[in-house]
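Colleague: I am new to this one. Please walk me through a few features.

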Amino acid sequence: MTGSSSSQRIEDTLRAAISSGRYAPGTKLPAERELAAELGVSRMTLRQAVETLQFQGVLRRRPGRAGGTFVAGTAPVLELGSLHGLFQQLSRDGAVVESRILLAETSPAPAEVSEALRITPGDPAHRLRRLRFLDGEPLVIEDSWFPAERLPGFAVESLTGSVYARLETFGWEPVRKTEDLIPSVATAEERDLLSVGARHPVLRIIRTACRSDGLPVEFAQDTHRSDALRLRVTTGAS
């Protein structure tokens, strides 16, 4: 049996075990060595099958001593058409949304950023890069830029909650946004931060948000785990 057919057999076996209730949502799978021996395959073949099921959203990996490979539950939904951000949407459903600030600084805006924010190239811009967690699991890397001269006193280094709620206090609440969705593969740094494998796909969302007078208030490039979140777009009258 070839490696690819062996991997497919293991995928089918694990799916059947999950469907039958042997492994319920939230259940931690046995250690890799133990599971490979039980299924009669090499650890490499098992790893390939598990990785495929991971980026299909069937399994999830969690880092740390209490981590491992777990059966995924129903992925939460993020409505892209909403002007409420990730924190506001997911936390109102009872989920615990937390942040780790990776970078917070004010620096000259690169060309792409200055064009999106409609500021002069080299003008100062606040940059906030955060790793966002949902119920303790890494979910998305957010990389946002804001026009510094339009937002004096906007302290990005303390922003762990909702950025849009903070912008509202400055009179810069976004009322319109444009988002481009780009399928991609995680870089080495992103794999480490998001706890995903080498073949794991991610979804990049490039966003420009504007206030009521049309002036851009945010330019962002977010990297989402494709297995841990469902993205939804709702159109038409409710």
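Modeller: Start with burial: buried means under 20% relative accessible area, exposed over 50%, partly exposed in between (1.4 Å probe, protein chains only). Asp213 is partly exposed, at 48%. This is a predicted model: local features need pLDDT of at least 70, side-chain atom pairs count only at pLDDT 80 or more, and totals for chains, interfaces and linings use all residues. Residues are numbered from 1 along each chain as its sequence is written, and side-chain values use heavy atoms, leaving out hydrogens and water.

Colleague: How many salt bridges does the structure hold?

Modeller: A salt bridge is a side-chain nitrogen of Lys or Arg within 4 Å of a carboxyl oxygen of Asp or Glu. The structure holds 14. One of them joins Asp213 to Arg211, with the closest N and O atoms 2.8 Å apart.

Colleague: Which residue forms a salt bridge with Glu142?

Modeller: Arg130, at 3.0 Å between the closest N and O atoms. Arg130 lies in strand β5 and Glu142 in strand β6, so the pair ties together parts twelve residues apart in sequence. Helices (H or I, at least four residues) and strands (E, at least two) are DSSP runs, numbered from the N terminus. Both Arg130 and Glu142 are buried.

Colleague: Where do Arg204 and Glu190 lie?

Modeller: Arg204 is in strand β8 and Glu190 in helix α7. Their side chains meet in a salt bridge, 2.7 Å from N to O. Glu190 is buried, at 8% relative accessibility.

Colleague: Is Asp192 buried or exposed?

Modeller: Exposed, with a relative accessible area of 63%. Asp192 also lies in α7.
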